[in-house]
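Have the structure open as you read.

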Amino acid sequence: MERNEFIKSLGLGIALVCTGSCMTGCGSKGEDPTPSPGGGGGGGGSAGTKVNIDLGSQLLTVGAFVASGGVLFIRTATGNSSSSFVATQALCPHQGGTLNWVQASNVIQCSLHSSKYTTTGSIVAQPNDGGTTSALKVYALAVSGTTLTATIS
């Protein structure tokens, strides 16, 4: 076999293997591509979905924050009333970076491109990569006993 023929047949073999892998990775018709509501995504789940956290073990101090079910929960004041907390989407609307509460600056900041937001969801600073972002979704909160509930609207 000539070198040129060998390279052509090798290339064809690799192309067939890659095509087969791609086709099997596409899934079957029976699979449901719809994501489950309230999953780990950044924008929360579908409207009406409720996400709960336990105040007996989380958000114990002012400035504490935790992401759960696509919601970023932040304790902004003492006490266990709904006005002591804020709940926003957990991922930045710009490119999906993780959002964190920066107590010293009193802002929600994206870990990816440093976009900054207020606790009302308003934009304080656009991403540092030259892109633009949109305001955060802010969710209604309710407290029942030691359970804090955000309702995704």
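Ile-53 has Leu-148 in S10 as its bridge partner. The model is predicted, so to speak of local features pLDDT must be at least 70, and side-chain atom pairs count only at 80 or more, while totals for chains, interfaces and linings use all residues. Residues are numbered from 1 along each chain as its sequence is written, and side-chain values use heavy atoms, leaving out hydrogens and water.

**Around S10**
- Strand S1 (residues 50-54) runs antiparallel to S10 (residues 147-151), and five bridges join them; strands are DSSP E runs of at least two residues, numbered from the N terminus, and two of them pair if DSSP finds at least two bridges.
- S10 also pairs with strand S9 (residues 140-144), again antiparallel and over five bridges.
- Ala-140 has Thr-151 as its bridge partner in S10.
- Two residues separate S9 and S10 in a hairpin, and Gly-145 in the turn has a positive phi of about 65°.

**The S2-S3-S4 sheet**
- Three strands form an open sheet in the order S2-S3-S4, with antiparallel pairing.
- S2 (65-68) and S4 (85-89) are at the edges with a single partner strand each, so one side of each has no neighbour in the sheet.
- S3 and S4 are joined by five bridges, and Ile-74 stands opposite Val-86 in S4.

**Arg-75**
- Arg-75 lies in strand S3 (residues 71-75).
- The side chains of Arg-75 and Asn-80 make a polar contact of 2.8 Å (N or O atoms within 3.5 Å, one able to donate a hydrogen and the other to accept it; residues adjacent in sequence count only if both atoms are side-chain atoms).

Key. Helices (H or I, at least four residues) and strands (E, at least two) are DSSP runs, numbered from the N terminus.
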